[in-house]
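Here is my note on the salt bridges. Please read it beside the model.

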Amino acid sequence: MKRYTPLNYIGRNKPVWCAGCGDYGVLTALFNAFSQKEIDAKNVAIISGIGCSGRLPDFIKAYGFHGAHGRALPIAIGVKVANPSLNVFVVGGDGDGLSIGAGHFPHAARKNIDMTYILMDNSLFGMTKGQFSPTSPCKFESGSSPYGTLEEPMNPIVLSLIYGSTFVARGYSGPSKLNDLINLIREAMEHKGFSFIHVLSPCITYNRVVTFQSLNAQVVDIDEKHEITDRNEALALALREEKLSVGLFYKITKPTFNEKLVAMSEKCGKHGLDIEGLYTKFT
């Protein structure tokens, strides 16, 4: 029987992120989660958009697709529908997923596609030298906002809960919480449905506000008494502003999109394809 270690998933291309980037923690967590699940790399597909996070599929020995800006989710939906046996992951940044790609997030969640979406949040556009993003703090100063931003930041956990995700969690790529992030990814892989993990992943080059030091002081574990099937309780927890809770906010079971698709196909097959009947019904 083959034994899997994190080394089995290291791709041929070495990471090109800045030394100390939070994204290394996400990559390490994926290597470890895959090895703990003893999953064959040929059964994994990782889809990304554009940005520093978008480079991640290049560094993993698995199927990968580096797609267009903000379009990782619809590409991943196509992959999963075409081949339901694959473990499909989407990786993207806050700019990619909550700005240009924001329109795809609610539809992937409400369909309950059986895949895992990891949003690697560094609170700015890192690849293009630090412009403010949808999760930048209000008054955040950057090259694109020299006098500070005017907008309030978006809350990815709240959005995901409202959109209908059946698994919602937050992790942190800092060393102190790396094992917890591995556990969250592993649990997300076991979940049948759309699992969303918001990962706090600092940019050490352009972000002087949201840093490992600031996050170390803000991050707290979710209380063990938290009821993960209560969406209102999860929303209240996500809206806490004084601390950043990490762990599993919400988890329920619902039929997945592929399961509904199979049921519909069986129904069509049972009665045959009645084109004339459909034409009469809808005209």
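**Salt bridges: notes**

1. Glu-242 counts as exposed, at 55% relative accessibility (exposed is over 50% relative accessible area, buried under 20%, partly exposed in between; 1.4 Å probe, protein chains only). Its partner is Arg-240, in a salt bridge with the closest N and O atoms 3.5 Å apart. Arg-240 is partly exposed, with a relative accessible area of 34%.

2. A network also turns up: salt bridges with shared partners join Lys-177, Asp-180 and Asp-221.

3. A caution on the source. This is a predicted model, where local features need pLDDT of at least 70, side-chain atom pairs count only at pLDDT 80 or more, and totals for chains, interfaces and linings use all residues. Residues are numbered from 1 along each chain as its sequence is written, and side-chain values use heavy atoms, leaving out hydrogens and water.

4. How many salt bridges does a search of the whole structure find? Seven. The criterion is a side-chain nitrogen of Lys or Arg within 4 Å of a carboxyl oxygen of Asp or Glu.

5. Lys-37 and Glu-190 form a salt bridge, 3.3 Å between the closest N and O atoms. Lys-37 sits in helix α1 (residues 23-37) and Glu-190 in helix α6 (residues 178-190), so the bridge ties together parts 153 residues apart in sequence. Helices (H or I, at least four residues) and strands (E, at least two) are DSSP runs, numbered from the N terminus. Lys-37 is partly exposed at 32%. Glu-190 is partly exposed at 46%.

6. Lys-177 bridges to Asp-221 at 2.7 Å, N to O. Lys-177 lies in the loop between β7 (167-172) and α6, and Asp-221 in strand β9 (residues 219-221), so this pair links parts 44 residues apart in sequence. Lys-177 is buried at 15%; Asp-221 is partly exposed at 48%.
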